[in-house]
Structure formats: structure tokens, C-alpha cells
Amino acid sequence: MSKITSIADVRRHFLNNKEPIYFISATNFNLLGIGDWVGNFRHINYIDCFEGRQRNVFVPREKFPRDFESIEDINNYLLEHKEVIDFIQSRADGDNAGIATFLMFDEHTEDVCKQLGLKVAFPPAALRNRMDNKIETVRIGNKAGVPSVPNVLANVGSYRELCEVSRELGSDLVVQTAFGDSGHTTFFIAGEDDYYKHAEEIEAEPEVKIMKRINCRGSAIEACATRCGTVVGPLMTELVGFKSLTPYKGGWCGNEMFAGAFSQEVRDKAREYTFQFGEALREEGYRGYFELDFLIDMDTREVYLGELNPRVTGASSLTNVAAFAHSDIPLFLFHLLEFSELDFDLDIDEINERWAHPDSVDSWSQLVIKHTDESVDLLTTAPQSGVWRMAQDGRIAYDHYDSHPHAAESEDEAFFLRISGEGDFRYEGADLGILITRGRLMDDDFQLTERARAWIEGIRGQYAGQSLQDPVVEEVAVSHAVGGGNFKIL
């Protein structure tokens, strides 16, 4: 094929794609709808969110009992499953089995992919792991001119040491470990009692990030580092720590995308910082899809770097369905293009300028709904994936099956992706499902709207479970459940 020089060229290439491309993960949530843009695209998943109704989702029928400790474990299990191997080989072209993409993977995943003839369309796992280190993120940001919240990086062995190294930051602190989901590994410490609740985790780390606690709002922005420059998506607000959605203080539980998210000055600064960080990542050897969390200081309007996720993320489901993505191409297609063997030369500045325009950003929101009680039971009833409709009195009802968020045509409708289904264990922290709808679900004070609360209550009301009674059975149930409350599968 001749050199790709336009968005139309990219769109045409992927629509006509013949090489198998896979997204291998616990669910297909992160890349909902990408199959509409890419020929021969398939999801290989552990959880069947669609009860076998979705043609481009493959889920092995036979499940073997396993205690998963990470999303990497799930992916390695899938790639070594006979049904998955047979499926991949049935679509291979000789020794070329196609292209594999992931939410998370490790060196073992890379070895298995090589054995299967799959090319991994991401930088090496070792490099991704280094980039995923929150301590390293601060250092890369400093080098790129992207500031973090005032902080120190230090080894901490006691509360006294914490106070000594953070003296200039004040007494109200936030401590983060190098790796892990922010809902589990971010600790808010305003005194000695707070410290001792988390002392074991903090003192086990060779180095932690100690930040001044600020009055901030969370935000997220996704981008893709390509050989032509970094493509930057819009700034999204984040839903964090809502007790009706997650049991984890500081835990991510959704996003909003709308043109007026924060002031124009803040949006421009976040986009500028993201571009600078993407260029710094390229210098580090990283390329492809990534996401940055920014903390917006509500008192000073300063924009601070929060953390880097060197991968597709939970926010990707919104980034790739918005108006700018459908008027051009989804951000993930730039990632696939970067890891293709195609010769391309695109005007990234022009694309970024177009995507920054308010008319390119329509309004979408998503809620990640977890089980928030400490109870454990066995689900006997669960809602179907598809489009649900809300009546004027706030009650919801299933409308019709679909597999794409765009099927929700108004704010009275929402697309629901079921994660936990009938026969699954429901335990504290278990992901029940994700609801995606048009419009906003938070007000200007970053509180859930009445509509959001009605959707949460309505979806929760569709679930019913049977108590397990026996504490030993409960413990075994949670340990065998996907995630087990210990890691995020989305």
C-alpha cells in the first residue's frame, strides 16, 4: 500500500483489514465498538457479558478453577486455553496468527504470543512496567516540564520519618506506592492514627510518593504517541470514591466527557502537558496508547500530573465513541497504525487542533458500579447487557439488546454492560457492571445528579442473591472470584 497521508486512508485501510486483530482481556469493556472500524477484529474474553449473542466476542466454554491474582493471570490463562488456541489457529494465515492487544500483559504473555505466532501491538512489558511506576512518572513529568503536586520521593520506615521528609508539605498528606490501583494504594494521612492503618504497605516500599493534600478534582485524558507526534484526546472529569459506586476511598468509578469540563485555560493546559509528556515518552522508547490523570487544584486552578497509565484504560470506552472519534477515527486506530508496518505521515497538529474544538466533543458519562456491602452471596438474578430506558418516575426497564453505547439515543436511555451475572459470587468490591449514557451524571459541584442516583439504584435493583451462610464457603467464593476484590479487571 502507498503511504498513508490522510484520515480517510487510515479509515479505508482498517475497514479492509484482513489480518486477525484481537483484544484479549477479562471483558471487552475497554474497546467497545472498535470492531465497527476494524475488519477481522475479535475480543477474546474470560467473562461473557453478552450471553453468547455478540459475534465478535469469543469466550471459552470450559472454565477451569483458578485463583487469579492479576489481569495478566487471566490473559495468560486464556492464551493457554485449548479452545482459545484452536480459535486463533483457525483464523491464522500460516505462521502469522495475527495481532494481539491487551489491557495488561507480562513477559510470560509475550512468550506465549510468540509461540502462537501473535504479534503484540504494544511496547515490551518490561518498558510498560517501568513507565507504570508512579515514582518514574514524576521523574518523566519533571523532565518534560509537566509538574506534579508538591511532593517528595522517599523511603519511609516510621511515622516520624514520614513527618521529617515531608516537613515542607504540611501535616495533611497523600502517600502513594509505586504500583497499583489508586483505590487500594493511595493513603490519606492527617495524623499518626491514619499512618498506622497503612504502615505495613508504606514501609514495605523502597520508595513512596508523598504529596501535599490539595483541594482537587480528578480528570483524565487519553493520547497516543506516534512517530508523527502525540495525538491528544479531550479532558474528562473523573468520578472518584462515591460510596454508592465503590467501597474504596479514592477509587475510580467513572468518567464524564463534555465540552465544558473545567475552564478553557485548564483544558488547554492539560492538553499541552499531555502532548509534552507524550513526546517525553517517545524519547524513553514508549509509543502507542496512554492515559494521564491530572489533578486540578480548585483553589489555584493549577494543573498537576497525577499518574500515567501506559495502556488503554477504563476511560477508553468514552474516548473512542465521542463525536471527534466518529468524525475522524477512534484514538485506538492511531495505536494500531503505529504498530503496523505501514508507511504513514499525518498532520498531528491539525488533528489535535480539530479535536480540541468544543464542537468535536459531545457529552457522555459512565458509571462503574461495584458491590459496596461487606456481604457475600451467590447471584440468582442479574440484568442483561443492552439498552435500558428510564421512565419519568425514575424506574428503569430493559428496552432492547445492543452491544454499542451509541445505541442509547437520549439521556432517558443508557447502555449497560453486565460484568457479574447469574451464578457469580457477589462480594465487596466486585464489579457488577458499567452504565454508559449521554449527558452528564455529576453537577458543577462534582456531586452525583438525581438522574445518576436513579440509574445506580435502578441497576442495583435488578440484582438478587442468595446468602451463602457458611463463612468458610464465603472465603473460598471470594478467592475464586475474578478479581477477588484485590485487583481491577476493567
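User: Is Arg 418 buried or exposed in this model?

Analyst: The model is predicted. Buried here means under 20% relative accessible area. Arg 418 has a relative accessible area of 8%, so this residue is buried.

User: What does the side chain of Arg 418 pair with?

Analyst: Side chains of opposite charge can pair when their charged atoms come close. In this structure, Arg 418 forms a salt bridge with Glu 51, with an N to O distance of 3.4 Å.

User: Where in the chain do Glu 51 and Arg 418 lie?

Analyst: Glu 51 is in the loop between β2 (41-45) and β3 (57-58), while Arg 418 is in strand β20 (residues 413-418), so the pair ties together parts 367 residues apart in sequence.

User: How is the protein chain divided into domains?

Analyst: There are these parts: domain 1 (8-129), domain 2 (150-212), domain 3 (216-241 + 249-360) and domain 4 (364-482). The C-alpha centres of domain 1 and domain 4 are 26 Å apart.

User: How many residues are in contact between domain 1 and domain 4, and what area is buried between them?

Analyst: On the domain 1 side 18 residues make contact, with 18 residues of domain 4. The buried area is about 1500 Å², and carbon and sulfur atoms give 62% of it.

User: How many salt bridges and polar contacts are counted between domain 1 and domain 4?

Analyst: The count is one salt bridge and five residue pairs in polar contact. On the side of domain 1 that touches domain 4, the residues divide into eight nonpolar, four polar and six charged.

User: Which residue forms a salt bridge with Asp 431?

Analyst: Asp 431 meets Lys 370 in a salt bridge, 2.7 Å from N to O. Asp 431 lies in strand β22 and Lys 370 in strand β16 (residues 364-370), so the pair ties together parts 61 residues apart in sequence. Asp 431 is buried at 8% relative accessible area, and Lys 370 is likewise buried, at 8%.

User: What else does Asp 431 touch?

Analyst: Leaving out residues up to four places away in sequence, the residues touched by Asp 431 include Val 368, Ile 369, Ile 419, Ser 420, Ile 489 and Leu 490.

User: How many salt bridges does the whole structure hold?

Analyst: A search finds 26. One of them joins Glu 19 and Lys 119, with the closest N and O atoms 2.7 Å apart. Glu 19 is in the loop between α1 (7-15) and β1 (21-25), and Lys 119 is in strand β5 (residues 118-120), 100 residues apart. Lys 119 is partly exposed, at 38% relative accessibility.

Conventions
Residues are numbered from 1 along each chain as its sequence is written. This is a predicted model: local features need pLDDT of at least 70, side-chain atom pairs count only at pLDDT 80 or more; totals for chains, interfaces and linings use all residues. Side-chain values use heavy atoms; hydrogens and water are left out. Domain bounds come from an automatic or database domain assignment. Contact means heavy atoms within 4.5 Å. Buried area is the accessible area (1.4 Å probe) that two parts lose on being put together, summed over both. A salt bridge is a side-chain nitrogen of Lys or Arg within 4 Å of a carboxyl oxygen of Asp or Glu. A polar contact is a pair of N or O atoms within 3.5 Å; within protein, one must be able to donate a hydrogen and the other to accept it, and residues adjacent in sequence count only if both atoms are side-chain atoms. Ala, Val, Leu, Ile, Met, Phe, Trp, Tyr, Cys and Pro count as nonpolar, Asp, Glu, Lys and Arg as charged, and the others, Gly among them, as polar. Helices (H or I, at least four residues) and strands (E, at least two) are DSSP runs, numbered from the N terminus. Buried means under 20% relative accessible area, exposed over 50%, partly exposed in between (1.4 Å probe, protein chains only).
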